[in-house]
Amino acid sequence: MELQTTALMRARHMLESQGRFPGGALPGEISDSWLRSLSSGLDPLARAERLVLGDTDFRTAQDRHADLIRFARPELELLFDQIAGSNFMIALGSPEGVVLETLSDTQFAETDAGRTVVPGSVWTEELRGTNALGLCLTTRRPAQVYGGEHFLRAHSDVSCISAPIFDGRGALAGVLDASSRSTVRQQHTAALVQMSASNIENCLIRSAHDQRIVLQFHPRPEYLGTLSVGMLVLEEDFTIHAINRRARCFLRASAACTGPASTRSSSGALRMWRCG
């Protein structure tokens, strides 16, 4: 850990003084994000801007993602309760990088970071440099950015953890983010964020396809009905219309999975019903 910290400090010094940094000094995704931030013309020593949408544009964003907000609220509250008292903020982001909702403890809300991550603020990589929400949007994978790994020095006293939320059709539906003043790596929190994102995703899939056949399955029967269940939404001819990430994992399907859904199964359990 000390060697990693030293390598990060050296990389930051070169970034801020020379506009470049040594390859291999950072985790691969962070290094790639710093390079993209440089390509966007960002200054690592620039002040953090608020970059907040106007009221009309923000209401439009809320209306566009009303289902995401509705299903995310219970998960935001549950996640917040799970990590309460840890100087944390929970945020829900849109696929465009707009913060739609936040929950924050008083301690975090009174910090510079707490006053920057507000509903309506925009956190894309192009505007903010390396940050977990923006990195998650770019890579479509869970992201963790700790302290000085942020491209902007102004964000170096915060750590953030994000997980993508998909719509079952391969598109991003949103991002769930947890930010903290602690720069210690927090794998337990990362697992909680990913679990909450998966639960929101499953709710969105059920709601969006309420006139189709829904099949849930898992290799172990006792896991049916949990957030770890695989979920397929099927057409009348059993063509796959939507699929969650657990189902992709179980079926080893590609991101562009289409065609007739096989109903054959090895050992395991499934549940099928028609919504609506």
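Predicted model: local features only at pLDDT ≥ 70, side-chain atom pairs only at ≥ 80, totals over all residues.
**Group meeting: the sheet, its helix and some ring contacts**

Four bridges join E3 to strand E4, residues 159–166, and the two run antiparallel. Strands here are DSSP runs of E, at least two residues, and helices are runs of H or I, at least four, numbered from the N terminus. Two strands pair if DSSP finds at least two bridges between them.

Residues are numbered from 1 along each chain as its sequence is written, and side-chain values use heavy atoms, with hydrogens and water left out.

Now the whole sheet. The sheet is open, with five strands in the order E2-E1-E5-E4-E3 and antiparallel pairing. Its edge strands, E2 (99–104) and E3 (143–146), each pair on one side only.

Next, the rings. How many aromatic pairs does a search of the whole structure find? One. Phe-21 and Trp-34 have ring centres 5.1 Å apart and planes at 85°, so the pair is edge-to-face. For Phe, Tyr and Trp (its six-membered ring), centres must lie within 6.5 Å; planes under 30 degrees apart count as stacked, over 60 as edge-to-face and the rest as tilted. Phe-21 is in the loop between helix H1 (2–18) and helix H2 (28–39), and Trp-34 is in H2, 13 residues apart.

Last, cysteines. The structure holds zero disulfides, a disulfide being a pair of cysteine sulfur atoms within 2.5 Å.
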